[in-house]
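Good morning, colleagues. Please have the sequence and the coordinates open as I speak.

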Amino acid sequence: MITKIILIAALILSIFIPFMAFLLGERKKGRLKTTLAINITMFFAILVIADIMLFGGSVNAAETAEAAASTAEGLRYIAAALSTGMSTIGAGIAVASSASAALGALSEDSSVMGKALIFVALAEGVALYGLLISFIILN
């Protein structure tokens, strides 16, 4: 318990100490980059040490089976989130370009409205396909 408190305090201090040195130190060019480099180095070094200290120990076979099941469950949720998120981002990019092109075409000739709406709807369908894949992954 005491090691957890010490490691949490060290992580918090690894953030504050370099920036206090930045605020109170000499006014030189490039000191922000130096401070940020020291901050990142200290933070990740302490984080690696904390991982080594906190996660070292023995593991039983029953705990390993439970951990594998929980890992599989977590990866399912990550896969579902990625399929929905990435397809939504792609659909947003596609709708942005196709809708602006459709509006430009409609301003020149109003008879192309049906074709323009089809292209915009096809672009939005990508997000629906990603959502459908998420439901398939989760069930």
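F44 has a relative accessibility of 47%, so this residue counts as partly exposed. Please keep in mind throughout that we are looking at a predicted model. F43 belongs to the partly exposed class as well, with a relative accessibility of 25%.

These residues bring us to the aromatic rings. How many aromatic pairs does the structure hold? There is one. F43 and F44 form that pair, and its geometry is edge-to-face. The ring centres are 5.4 Å apart, and the planes make an angle of 80°.

Let me turn now to the helices. Two packed helices are described by the angle between their axes and the distance between the axes. Helix 1 covers residues 2-24, and helix 2 covers residues 31-54. Their axes come within 8 Å of each other and cross at roughly 175°. Because angles over 145 degrees count as roughly antiparallel, helix 1 is roughly antiparallel to helix 2. Sorted by class, the residues in the contact between helix 1 and helix 2 comprise 17 nonpolar, four polar and two charged ones.

Is N39 buried or exposed? Its relative accessible area is 9%, and the cut-off for buried is under 20%, so N39 is buried. Which residues does N39 touch, once its neighbours within four places in sequence are set aside? The contacts of N39 are then S14, I15, P18 and F19.

Thank you for your attention.

Terms used. Residues are numbered from 1 along each chain as its sequence is written. This is a predicted model: local features need pLDDT of at least 70, side-chain atom pairs count only at pLDDT 80 or more; totals for chains, interfaces and linings use all residues. Side-chain values use heavy atoms; hydrogens and water are left out. Helices (H or I, at least four residues) and strands (E, at least two) are DSSP runs, numbered from the N terminus. Buried means under 20% relative accessible area, exposed over 50%, partly exposed in between (1.4 Å probe, protein chains only). Contact means heavy atoms within 4.5 Å. Rings of Phe, Tyr and Trp (its six-membered ring) pair if their centres lie within 6.5 Å; planes under 30 degrees apart count as stacked, over 60 as edge-to-face and the rest as tilted. Axes are lines fitted to C-alpha atoms, for helices over the stretch in contact, and angles run from 0 to 180 degrees between N-to-C directions. Angles under 35 degrees count as roughly parallel, over 145 as roughly antiparallel, 65 to 115 as roughly perpendicular and the rest as oblique. Ala, Val, Leu, Ile, Met, Phe, Trp, Tyr, Cys and Pro count as nonpolar, Asp, Glu, Lys and Arg as charged, and the others, Gly among them, as polar.
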